[in-house]
Amino acid sequence: MFSPAGHFIPYKASQLHYYIWGTGPKILFAFHGYGESGDSFAFIGDALNADHTLIALDLPFHGLTVWKEGLLFTPAQLYEIMNNIVTHHNFQAPWGLIGYSMGGRIVLQLAENHPESIDKLVLLAPDGLKVNIWYWVATHTVPGNLLFRWTMRRPGWLFLLLRTSHALHLVNESIYKFAVHYIDDRTVRHDLYTRWTAMRKFRPRPGVIAAKIRDREIPVSLIYGRYDRIVRWEWGERFRKMGIEATCRLTLVDTGHQLLRPQYLQALLPLVENDPDRTG
């Protein structure tokens, strides 16, 4: 019987840390949000029925993972790591995938690249269904990345821009507080640059993913906070209407973006354990 305590698996010069809950035959890989760790899924792992095994990784530059492969983490590297974990523990494919926020972008990319390995998607307020133009410029263009790095060292002008935009009601309160939180501390700014830059190869294409979901009839649960101003549920509804209504259900929970919390277990657990209603 596996302990929910952490495990390490080597990858090149790195050490990937992950948690395991359960011993059931239905395998679920879980991917946490920005600034969190695999332990964020502990309340779900502890509550899963005996049919499931939940594996939650600490992504590079998060948790206890020690990443030595530079400022680059690719979908191919992640898939290799997942296969190494599966082989190490004698697990079997296909797997279900769960992703919260940034982890949702990871799940979407895996669904695009490896739909044959997936039997279920559970997306909690997922990033990746709408292009963030600022993230794209900051991580996919040389001038943008240079400006991003410089700004994380000298953020004064960005503070001024944010405060002015907020005063003029050009950005809403939630986004303003979210942005200020991530640039108000030197260490937090360093982590933001490192993590955003390293994750730049995860660029899911919703139209392509929807076609593969449709072709393979992969069950999908989209779960959003009704009052989320960071990741809007309407983006998920647009995705659902890309021809995947038959296998995709969208659920709203009465909260904001902080959806992966124990108080919402009763809403999340049935969607994690079961396939969505194929009637849409």
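A: Strands E3 (residues 26–31) and E4 (residues 52–57) pair in the parallel sense over six bridges, where pairing requires that DSSP finds at least two bridges between two strands, and where strands (E, at least two residues) and helices (H or I, at least four) are DSSP runs numbered from the N terminus. Between E3 and E4 the chain passes through helix H1 (residues 42–47), and this β-α-β crossover is right-handed, in the sense that, with the strands pointing away from the viewer, the path from the first strand over the helix to the second runs clockwise. This is a predicted model, in which local features need pLDDT of at least 70 and side-chain atom pairs count only at pLDDT 80 or more, while totals for chains, interfaces and linings use all residues. Residues are numbered from 1 along each chain as its sequence is written, and side-chain values use heavy atoms, with hydrogens and water left out.

E3 also pairs with strand E5 (residues 95–100), again in the parallel sense, over four bridges. Phe29 illustrates both pairings: its bridge partner in E4 is Ile55, whereas its bridge partner in E5 is Leu97. Strand E3 is mostly covered, since five of its six residues are buried, a term that stands for under 20% relative accessible area, as against over 50% for exposed and the range in between for partly exposed (1.4 Å probe, protein chains only).
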